[in-house]
Amino acid sequence: MPRRRATPPETDTPGADRHFVTALARGLEVLGCFRRGEALLGNQDIASRTGLPKSTVSRLTHTLTELGYLHYVPELGRYRLGMAVLSLGSAMLTGLDIRRLARPLLQALATETRSIVALGARDRMRMIYLELARGDAAVAVNLEAGSRISLATSAMGRAWLAACPPAQREALLRGAAPEAQARLRATLERALAEQAEYGCCCSFGDWQEDVNAIALGFDPGGGLPPMVVNCGAPSFLVSPEYLLQEARPRLQGLVRKLSHCMDLAAALPG
């Protein structure tokens, strides 16, 4: 009797999006395992974080190493991100003119409010800082461009939920793990309520108990995804009252200026 051919692990599951390439998604999940402050990961670490079998992870890390997206350190038996990842990131950031336009506006607000002001966008279930400016009193906060923060508990994440198109919002909710969907829907309801009441979204001790922040999302246009500007600092520096009464109108003005700058940039030839 001929042996039945086993379904390879890369094959998409029945009923899934037929255009979705599972093998590619798994490779990107491997790259996404590397977090800030973690230079090296082994196959077992990656398998634990992705939920994939270690044999599958071994094939993926080997392929990514051959392509330059990972670099293998034989004496440690671990991997670090390779130069190909840096090339992709540099190309992406170079193409974001909005960072150049936003930089002086972010710094001005950070200086005025003695806080951290950042421009961010969504990266799966987190928000990623694209550009960041610090006021003099907020130098001790351990955040920088490239930092990722919670979508559900941060002011930036809530502002993204409030600002993004409903179809994107629903796609995110459907793609979340079942146990996370109820929490995200509650977060969305809160974000929409805050946006309606304050004209921004808030996180007062939710993301970190000693950090207060407000944020406002907007559509930058030019084919870019929804983005957010937040303003926050340790709670001993900025109270909720200060952020809502003093910083909020300045944050709203910053977003209006940035949107206007993007409109002007899009209208320029070439």
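**Close-up views of a predicted model**

**Figure 1. Helix α6 lies across β3, β4, β5, β6, β7 (211-218) and β8 (227-234).** Relative to β7, helix α6 runs at about 25 degrees. Helices (H or I, at least four residues) and strands (E, at least two) are DSSP runs, numbered from the N terminus. Axes are lines fitted to C-alpha atoms, for helices over the stretch in contact, and angles run from 0 to 180 degrees between N-to-C directions; contact means heavy atoms within 4.5 Å. The structure is a predicted model, in which local features need pLDDT of at least 70 and side-chain atom pairs count only at pLDDT 80 or more, while totals for chains, interfaces and linings use all residues. Residues are numbered from 1 along each chain as its sequence is written, and side-chain values use heavy atoms, with hydrogens and water left out.

Of the 9 residues of α6 (residues 155-163), 8 are buried, so this helix is largely enclosed by the rest of the structure. Buried means under 20% relative accessible area, exposed over 50%, and partly exposed in between (1.4 Å probe, protein chains only). The buried residues of α6 are Ala 155, Met 156, Gly 157, Arg 158, Ala 159, Trp 160, Leu 161 and Ala 162.

**Figure 2. Helix α6 crosses helix α8 (residues 178-198) at roughly 80 degrees.** The axes of the two helices come within 8 Å. That angle makes α6 roughly perpendicular to α8; on this scale, angles under 35 degrees count as roughly parallel, over 145 as roughly antiparallel, 65 to 115 as roughly perpendicular and the rest as oblique. On the α6 side, Arg 158, Leu 161 and Ala 162 take part, and they meet Thr 187, Leu 188, Arg 190, Ala 191, Leu 192 and Gln 195 in α8. Sorted by class, the contact of α6 with α8 has 5 nonpolar, 2 polar and 2 charged residues. Ala, Val, Leu, Ile, Met, Phe, Trp, Tyr, Cys and Pro count as nonpolar, Asp, Glu, Lys and Arg as charged, and the others, Gly among them, as polar.

**Figure 3. An open sheet of 6 strands has the order β5-β4-β3-β8-β7-β6.** The pairing in this sheet is antiparallel. Two strands pair if DSSP finds at least two bridges between them. Strands β5 (148-150) and β6 (201-204) stand at the edges, each with a single partner strand, so one side of each is left without a neighbour in the sheet. Neighbouring strands are turned by 30 degrees against each other on average, direction ignored.

**Figure 4. Strand β8 pairs with β3 and with β7.** The antiparallel strands β3 and β8 are joined by 6 bridges, and Ile 116 stands opposite Gly 232 in β8. Strands β7 and β8, also antiparallel, pair over 8 bridges; here Ile 214 stands opposite Cys 231 in β8. Of the 8 residues of β8, 8 are buried, so the strand is largely enclosed by the rest of the structure.

**Figure 5. Strands β3 (residues 116-123) and β4 (residues 126-134) form an antiparallel pair.** The two strands are linked over 8 bridges, and Val 117 has Ala 133 in β4 as its bridge partner. Arg 124 is placed in the loop between β3 and β4. Although Arg 124 is not a glycine, its phi is positive, about 55 degrees. With 37% relative accessibility, Arg 124 counts as partly exposed. A positive phi, near 55 degrees, is also found at Arg 114, a residue in the loop between α5 (97-113) and β3.

**Figure 6. The hairpin of β6 and β7 has 6 residues between the strands.** In this hairpin, Gly 205 takes a positive phi near 80 degrees. The antiparallel strands β6 and β7 are joined by 4 bridges, and Cys 202 stands opposite Ile 214 in β7.

**Figure 7. Helix α2 (residues 43-50) packs against helix α3 (residues 54-66) at an angle of about 115 degrees.** Their axes are 9 Å apart. This arrangement makes α2 roughly perpendicular to α3. From α2, Asn 43, Gln 44, Ile 46, Ala 47 and Thr 50 meet Lys 54, Val 57, Ser 58 and Thr 61 in α3. The contact of α2 with α3 has 3 nonpolar, 5 polar and 1 charged residues.
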